Amino acid sequence: MKPVRKQRLAVVLFVLVGAGATAGLVMSAMQENINLFYEPAKVVNGEAPLGTVIRAGGMVVDGSVVHDDTGLGVRFTLTDYAGHDFDVVYNGILPSLFREGQGILVTGRLDDDRVFAAAEVLAKHDENYMPPELEGIAGHQSATE
Amino acid sequence: MRAFAALFQRDLLVALRRPTDAANPLVFFVLAVLLLGVGAASAEKGLGGSAAGAVWVLALFANLLAVEGVFRRDVEDGTLEQLLIHARPRFAAVLGKLAANWSCAGLPVLVLSPLAVYVLGHSTAGAGMVMLTLLLGTPTLTLLGAIGAALTAGTGRGGLLLAVLVMPFYLPVLIFGAGASTAAGAGGDAAFELLVLGALLTGSITAAPFAVGKALAISQEY
Amino acid sequence: MGLVDWAKGAFHKTGSPRWFFLGSRRWMVGLYAAGIALIVVGSTIGLGFVPPERFQGDSFRILFVHVPAVHLAQAIYVAVAVAGLVYLVWRMKMADMVIEAAAPVGMAVTAAGLATGVVWGMPTWGTGWVWDARIISTLVLLLLFFGLLALRQAIPRPDRAAMAVSLLAVVGVVNLPIIKYSVEWFTTLHQPASLTLGERPTIAPVFLVPLALNALGYYCLAAGIVIAALRMKIIERESGTSWVADWLAGHEDRVGG
Amino acid sequence: MSRPLLNARGLTCVVAGQRLFATLDLAVHPGDLVEVRGPNGCGKSTLLRCLAGLYHPEAGRVERGAPFTYLGHRAGLSADMTPLENLRWFAGIDAARVEPATLDEAMDRVGLGAARFDRCGMLSAGQQRRAALARLLAGHASVWILDEPLTALDDAGCALTRGFIDEHRARGGAAVCATHRSLALPRSAHASGRDARLPQTRVVALGS
C-alpha cells in the first residue's frame, strides 16, 4: 500500500474507533439514572446517606405545612404521590413559589429519624405559564394526561 | 505510530533536560494545596466535603499551566514548521506531544491528589474517586487546552487569553469530575459521571488532534 | 436548475461586500423600525395588559425579556458558527465580517439573558444563581463570545485572526446541544422549554402573544444592529477600494452595478 | 521533458491587502537551481512557504511529485537536543532508516566537530545553520527549498553550501532558494567539467 493511502486508512480507522467508543459511552451513560437529587422513595428506603449534605426533592403534601411561633421556622412533608413521604424542617425565608402541591428542592442533612434538616429550600417551577382564571382548565388537563 | 512515538520520546527528553520547567505545574499544585490548607486552617475540618472539588480545580489550573507552553518552544526554534511538513499522520504527532505533556504534568498531580484531598479535607473520603476522575478527566483537559494553545501559538500572548478561550471547554469536565468526586466522598454513586467523563475523553481524543493540527497550520501561515 | 443557479448567484452576491453594502441600507432601516415597533407593542401588552401568572404573580413578566434574550443568544451563536464554517471552507471575507459584527451583539444578549434570569430566579426559586447545567452552559456561551473577541484582538494579521476565530467558532458548537438538552438530561431547577416545535405550547395564549411579538422584535432589532455593524466593517476593510472612495464622495451612481 | 519534481501553477498571494505575486508558474525539474530574488518584503519567503505547503495561496496550486525538505529562517533544531539527536529524530518522523554512520558523515562534512555533542541552544548561529545543512545531507529529499541558506554562515560555510547544492543537482536533485547572493558555484570551481551538464541557474525576480 502507498504511504499516503496507509495514512488515510490510519486516520479513518482512528476516527471510526474513537467515534464508536464515544457513542457507546454516551449510550450507556444515558441508561444510568441520573439523580442530581434524592427522590422521596430513596429517602424512605434508606438509599440516601444520613448526616452528609445532600439534595432531595418532592411535592409539598397538601395541609402539611406548619409554621412555628416565631414565623420563620417551618415543617412540611414532601411526597412523590406514590406513598413515599418524608418530613422537612427549615428555618428561613421561603421562596414566593412555595405552596402546597409545588415541586421543591431542599439541600441539607437527613438526621437519624429520617427528618430532613434543610439549609436551603428552592421552588422548582414547571413549564406551564397560566393566568389565574385558567387554573381550573390546567388542573383538568393534568388530570386527564 | 512512528510519528506518535517520535514526538512522545522527544518531548519527554526535552522535559528531562529542563526539569525545573517541566516541574512548574506540579510545584504550582503543591504550593496551591499548601496555601489553601493554611487559608482554611481555622475551619474545624479543613474544607470538609469540598476538598475533592478544590483539588479538582487546582489540578485543572496546573493542567492549564502545563498546556500553555506545549507549542511555544517548537514555534520559536522552527521545529513546528518541520512537524507540519514531515510528521504523518499529523494527528498522531499531535497526540504524541500531548501524551508527553500530560505525563509531565497531569500524571504527577494525579499521583499526589489523594494526599492533597487528605491535607485539605482531613479525611480520605473520595480520594480514590478523585484519582480515577483525574485519570479520565485531565487528559481531556490537555487535549482541549491544546486547541487553545495552538490557536494562540505564535501570538506571543498566552496566559489569560488561553484561560478565557479554553474555560468554556474545561467547565463540563470540571463539573463531572468534581461532581463524581464529591458524590463518592458523600457515599453516593458516580457511574453516570464516570461514563460521561469517559465519553468526553474518547470524544476529545478523536476530534481534538485534528482541530489542533488545523490550528497549528493556521498559526504558521505567515 | 433555475433554483440552483439562483442560489449560487445569491451566494456569490452576498459574498461581495460592495453588493451587500449597497443593498443592505433599506433592510437595516426596516429591521430597526420593525424591531422597535414590535418590542414596544409586545412589552406594553406584556407589562400592562396581561393578567399575572397564577403562582408567580407579576414577577413572571420578566419572561418577556428573558426568553427572547436567551433564545436570540443561541441563534446568534449558530449564525456565528455557520459563518465560521463558511469562512473555513470558502475563505469568504464577508463570513468573517459577520462573525466580527455579530459576536459583540451575541455577548450583550447572553449577558442580558443571564442577568434577567438571576432577577427572575431570586423571588421564584429562592435563589438567583444555582450551579444548574443550563445556567452554566449559558455562562459558557458568554465566555465563548468573549473568547472570539479576545482571540481576534490577540492575532495581529487579519486573515490569520479570521481563520483562528472561525475555527474556535466551529469548535464551540459542541456547547449548543449541551444547553439544548441539559434541561432534559438533568432534573434540576430550570424548567423545560415551554415552546417546542411540533408540540402544543404549555404557555397560555394570552401570554404567548406578547412573548411572540417581543421575540420577533428582538430578532429584528438584533439583525438590524448586526447589519449596521457589518456595514461599518465593510467601509473600514474596503477603504482602499475605488467604490468606497466613490461612495464617500457621494457618487452613488458610479458605485452600483 | 520529464515530469517536474515540483510544479506550481497560477500562484497568487495577497498578504494584508497587498498583492505579492500573481499567477506565478514554476516547474522544477531534476538538476534545476531556482533562485528567487527581490527586495525585502517582496514575498520570497511567502513563495517558498507556498511551495512547502505551509502557506495556502489565494489562488493556484502546487503539485509536489517528489519528497522535499524546507529550511526556513529558523533552523528547525530543538534547542535542548544535540545536533546529532536532532538529526536522528528527524530521520524518525520522516519514516526513513538512517545509519548512524550517515549522520556522522554529514556532521563531518558540514564541519561540526565536537559541537555535534553540544545542545543546539549553546551553538552559534552559524553552527546551527551548519547543523541544519547536515539535515539536508542526511535526508533523502529530491527538492531542497531553502530560505536564505547563506545567512550567518562564514565564507567557508557559504562555499560548502554552494558545493552541496551543486552536488545535489548532479545527483538529480533540485533546489529552490530565496537569496540575495548567487548560489551557483563559480565556473572555475568545476575542475572536472562534470557539472557543465547541469542546467543554467534560473532566477525568479519578485517585486519588480
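**View 1. The loop of C:R91 in chain C.** C:R91 lies in the loop between helix 3 (63-90) and helix 4 (93-124) of chain C. Helices (H or I, at least four residues) and strands (E, at least two) are DSSP runs, numbered from the N terminus. Phi of C:R91 is positive, near 50 degrees, in a residue other than glycine. The model is predicted: local features need pLDDT of at least 70, side-chain atom pairs count only at pLDDT 80 or more, and totals for chains, interfaces and linings use all residues. Residues are numbered from 1 along each chain as its sequence is written, chains are lettered from A and ligands numbered from 1 in the order in which they are written, and side-chain values use heavy atoms, with hydrogens and water left out.

View 2. B:P89 is placed in the loop between helix 5 (79-86) and helix 6 of chain B. The peptide bond from B:R88 to B:P89 is cis, and its omega is near -10 degrees. Helix 6 (residues 90-121) of chain B has 32 residues and should span 46 Å at 1.5 Å a residue; its end C-alpha atoms are 43 Å apart, which agrees. The expected span is 1.5 Å times one less than the number of residues. At B:S113 helix 6 of chain B bends by about 45 degrees, and a proline, B:P114, follows within four residues. The bend is the angle between axes fitted to the seven residues ending at a residue and the seven starting there. After helix 6 of chain B comes B:H122, with a positive phi near 60 degrees.

**View 3. Helix 7 and helix 8 of chain B.** The axes of helix 7 (residues 127-151) and helix 8 (residues 159-185) of chain B come within 9 Å and cross at roughly 170 degrees. Axes are lines fitted to C-alpha atoms, for helices over the stretch in contact, and angles run from 0 to 180 degrees between N-to-C directions. Ala, Val, Leu, Ile, Met, Phe, Trp, Tyr, Cys and Pro count as nonpolar, Asp, Glu, Lys and Arg as charged, and the others, Gly among them, as polar.

**View 4. A helix pair between chain B and chain D.** Helix 1 (residues 2-17) of chain B and helix 2 (residues 83-93) of chain D have axes that come within 9 Å and cross at roughly 155 degrees. The two helices are therefore roughly antiparallel to each other. The contact includes B:R2, B:R10 and B:R17 of helix 1 of chain B and D:E85 and D:W89 of helix 2 of chain D. Its classes are six nonpolar, one polar and four charged residues.

**View 5. The antiparallel sheet of chain D.** Three strands of chain D form an open sheet in the order 2-1-4, with antiparallel pairing. Two strands pair if DSSP finds at least two bridges between them. Strand 2 (18-28) and strand 4 (59-64) of chain D are the edge strands, each pairing on one side only. Seven bridges join strand 1 (residues 6-15) to strand 2 of chain D, and D:N7 stands opposite D:A27 in strand 2. Helix 1 (residues 44-52) of chain D packs on the sheet and touches strand 1, strand 2 and strand 4 of chain D.

**View 6. The parallel sheet of chain D.** Five strands of chain D make an open sheet of order 5-6-7-3-8, with parallel pairing. Five bridges join strand 6 (residues 143-147) to strand 7 (residues 174-178) of chain D.

Note on methods: Contact means heavy atoms within 4.5 Å. Angles under 35 degrees count as roughly parallel, over 145 as roughly antiparallel, 65 to 115 as roughly perpendicular and the rest as oblique.
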